[in-house]
Amino acid sequence: MELTSVLKFLENRSILVTGATGFLAKIFVEKILRVQPNVKKLYLLLRAQDNNAALQRFNNEAVAKDLFKLLREKHGANLNSFISERTTIIPGDITFENLGVKDSNLLEEMWREVDVVVNLAATTNFDERYDVSLGLNTFGAINVLNFAKKCSKLKVLLHVSTAYVSGEKRGLILETPYNLGETLNGTSGLDIYTEKKVMEETLKQLRLEGSSQESITSAMKELGLQRARKYGWPNPYVFTKALAEMILGDLKEDVPLVIFRPTIVTSTLQDPFPGWVEGIRTIDSLAVGYGKGKLTCFLGDPEAIIDIIPADMVVNAMIVTMMAHADQRGSQIIYHVGTSVSNPVTFACPQDSAFRYFKEHPWIDKQGKPVIVGKVNVLSSMDSFGRYMALRYMLPLKGLEILNTILCQFFQDKYSELDRKIKFVMRLIDLYQPYLFFKGVYDDMNTEKLRRAAKESGIETDVFNFNPKSINWEDYFLNTHIPGVVKYVFK
C-alpha cells in the first residue's frame with residue numbers, strides 16, 4: 001500500500017459528515033479545520049428544525065466547547081468567519097431520503113461537489129427503542145449510501161460502525177464482513193426488510209390498542225432486545241449496526257466502502273489536547289461513582305482485557321483511511337480500531353488508577369467535605385453478583401414488603417422506589433453483562449498494515465498518530481482520562 005500526504009489529500013476537498021454534533025464527529029471536524037485550513041468545504045448534517053436552529057446547535061454543541069480552544073486561540077475574533085467560510089451547516093435527518101435535506105439547490109451542490117462521505121450518525125443507546133435504532137442505524141445507513149451514489153466526484157464512503165457487532169464471540173475476532181442474512185447463533189431467516197415489517201406491525205398494533213407513550217416505548221425497547229437476541233446479538237444497538245454492515249456490503253455496487261469498527265472510545269490522548277471527552281460511558285460512570293463514594297462494588301473480571309481507544313486516535317485513523325482508499329471503485333475493507341491485540345490493558349488498570357486518583361484528588365461533596373475512598377469490592381462473576389444483590393438489597397426489599405403489608409401500605413412509596421432502583425440496576429446488568437465478562441480480542445491487522453504503510457511512506461504520522469503502542473495506560477488513566485472525565489463530564 002503506497003500512501004501520499006494526508007494533508008495534501010484534504011486540501012481543496014469537500015466532505016459530508018452526518019451526525020455532526022456527535023462526539024467523534026466534532027473531533028473529526030476540529031481536526032481537519034485545524035490541520036488543513038485549505039479544505040474546500042465541510043458539509044455538516046445534523047438534526048434541527050431549520051438553518052438557524054442548525055447553526056445555533058452546532059455553535060452551542062461544538063464551537064463553544066473547549067475542544068475548539070486551539071482554533072479559538074489561533075483565530076480569535078475571526079474564528080466564526082473562519083469556520084463559516086469552510087463549513088455549511090445543514091438541517092437534516094438520515095432516516096429520510098436525501099438525508100432529509102429540503103433545499104434542492106444545496107442538494108445539487110453536494111452531489112456535484114462532495115468527494116468524501118463520512119457517516120457518523122447513529123444511536124449508541126444499548127436500550128434504544130427498536131424503531132429508533134433500526135431507522136437510524138440500519139435504514140439511515142442505506143439512505144447515506146444512496147446519497148453517496150449520487151455524488152459524481154465521490155472518492156470514498158466511510159461508515160463508522162462498532163467492533164461490538166461481533167456480539168459475544170470469544171478469542172481472536174477478525175476484520176471480516178458479515179454477509180446478508182448471517183447470524184451469530186446460526187438461526188436462519190434473518191432479513192432486514194422482515195425486521196422492518198415486524199417493527200412497523202408491532203408499533204401499529206400498540207397504537208391501535210391505545211397504548212400510552214410510556215407503554216409503547218417500553219414495548220419497543222423489549223422488541224429490540226428480543227429480535228437482537230433471537231439471532232445472537234446481545235442488544236439492538238450492535239444488532240442494527242451489524243444489519244447496516246450487511247446491507248451496505250450488498251448494495252454498495254461500485255462505491256469505495258470503508259467500514260470502521262472502533263472499540264470503546266475514550267478521551268483524547270493528545271489532540272487537540274489531552275483528556276477532552278463528552279458523554280457518559282459505563283467505564284466513566286463507574287470511576288466517578290466510586291470517587292463520589294456511591295460505588296461499593298464493581299462487577300467484572302479484573303484480569304479481563306478491556307478494549308478502549310482514545311478518540312483522537314480513532315479520528316486520525318479515519319482520516320488516513322479516507323486517503324488510503326480513495327478511488328478504489330467497488331472495494332470494501334474493514335478496520336478494527338482498538339488496543340486489545342496491539343497494547344492490551346485489563347480492567348484492573350482503570351480500577352487501580354481510580355483508587356489512586358481519588359485518593360490524591362478526593363471528590364468534594366455538597367457539604368464541602370472530601371469523600372474518602374477505599375478499595376472497592378470486586379465481584380468477578382455473575383454468581384457472586386447474585387449473592388451480593390440478594391444479601392444487600394433483595395432481602396431488605398422482601399422485609400420491607402412484609403412490613404408494608406402489615407402496616408397497611410405505610411411504606412409503599414419507599415418500597416416502590418427501592419423496587420424500581422433494583423429493577424433498573426438489574427436491567428443495566430442484563431444489557432452490559434456481555435461486555436463485563438467479554439472474552440474476545442479484536443484483530444487489527446488491516447489497521448496495522450495501514451500504520452506500517454503510513455510510516456514507510458513518510459506521511460504525517462506525527463499529525464495523524466493512531467499507534468496504540470504509544471499509549472502508557474497507567475499514565476493515560478491517572479493523568480489524562482480520569483481528570484478529563486471529572487472536568488468535562490461530571491463537573
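**Entry 1: Glu195**

I began with Glu195, which I found in helix α8 (residues 192–208). The model is a predicted one, and I read every value below with that in mind. Is Glu195 buried or exposed? Its relative accessible area is 0%, so I put Glu195 down as buried, the limit being under 20%.

Next I wanted to know which side chain makes a polar contact with the side chain of Glu195. It is that of Arg227, at 2.7 Å. Leaving aside neighbours within four places in sequence, I also listed what Glu195 is in contact with: Tyr130, Leu134, Leu190, Arg227, Tyr231 and Phe239.

Some of those names came back when I turned to the rings. Tyr130, Tyr178, Tyr231, Trp233 and Phe239 are linked into a cluster by ring pairs.

**Entry 2: aromatic pairs**

How many aromatic pairs does a search of the whole structure find? I noted 18. I picked out Phe260 and Tyr335, whose ring centres are 6.2 Å apart with the planes at 45°, so this pair is tilted. The two come from distant parts of the chain, 75 residues apart: Phe260 belongs to strand β7 (residues 257–262) and Tyr335 to strand β11 (residues 332–337). Phe260 has 0% relative accessibility and counts as buried. Tyr335, at 1%, counts as buried too.

My other pick was Trp473 with Tyr476, an edge-to-face pair with 5.9 Å from centre to centre and 75° between the planes. This one sits within helix α17 (residues 473–488), where the two residues are three apart, about one turn of the helix. I checked burial here as well, and both Trp473 and Tyr476 are buried.

**Entry 3: charges over rings**

I then looked for charged ends over rings. Arg13 lies over the face of Phe9, at 4.7 Å from the ring centre. The charged end of Lys196 is placed over the ring of Phe139, 4.8 Å from its centre.

**Entry 4: the cores**

Which residues have the most contacts inside the largest nonpolar core? My list reads Ile15, Phe28, Phe260 and Met322, in a core of 93 residues. Helix α12 (residues 311–324) gives the largest share of this core, eleven residues.

Setting aside neighbours within four places in sequence, Phe28 touches Ile15, Val17, Val118, Val315, Met318, Ile319 and Met322. Apart from this core lies another, of 31 residues, and Phe139, Tyr164, Ile192 and Ile247 are among them. I was pleased to meet Phe139 again, the ring under the charged end of Lys196.

**Entry 5: Arg34**

Arg34 is in helix α2 (residues 23–35). Its relative accessibility is 19%, and I had to recall that buried means under 20%, so Arg34 still counts as buried. The side chain of Arg34 makes a polar contact with that of Asp271, at 2.9 Å. Beyond its neighbours within four places in sequence, Arg34 is in contact with Leu70, Leu71, Asp271 and Pro272.

**Entry 6: helix α6 and Glu109**

What caps the N-terminal end of α6? I found Asp103 there, with a side-chain oxygen 3.0 Å from the backbone nitrogen of Asn105. The helix itself covers residues 104–113 and includes Glu109. The buried residues of α6 are Leu106, Leu107, Met110, Trp111 and Glu113. They pack against β1 (14–18), β2 (41–46), β3 (87–91) and α7 (130–149).

Glu109 has 25% relative accessibility and counts as partly exposed. Its side chain makes a polar contact with the side chain of Tyr43, at 2.5 Å. I also noted a separation of 9.4 Å between the C-alpha atoms of Glu109 and Cys151, which are 42 residues apart along the chain.

**Entry 7: the whole chain**

The protein chain has 17 helices and 13 strands. Of its 491 residues, 55% count as buried. Among contacts with a separation of 6 or more, 83% are between residues 24 or more positions apart. The accessible surface comes to about 22,000 Å², and 51% of that belongs to carbon and sulfur atoms.

Terms used
Residues numbered from 1 in each chain as written. Predicted model: local features only at pLDDT ≥ 70, side-chain atom pairs only at ≥ 80, totals over all residues. Heavy atoms only, no water. Phe/Tyr/Trp six-rings, centres within 6.5 Å; stacked < 30°, edge-to-face > 60°. Helix = DSSP H or I, 4+ residues; strand = E, 2+ residues; numbered from the N terminus. Buried < 20%, exposed > 50% of the residue type's maximum accessible area, 1.4 Å probe, protein only. Lys NZ or Arg CZ within 6 Å of the ring centre and 35° of its normal. Contact = heavy atoms within 4.5 Å. Areas by Shrake-Rupley, 256 points an atom, 1.4 Å probe, with all protein chains shown as cover. Core = buried A, V, L, I, M, F, W, Y, C linked by side-chain atoms within 4.5 Å. Polar contact = N/O pair within 3.5 Å; in protein donor to acceptor, adjacent residues only side chain to side chain.
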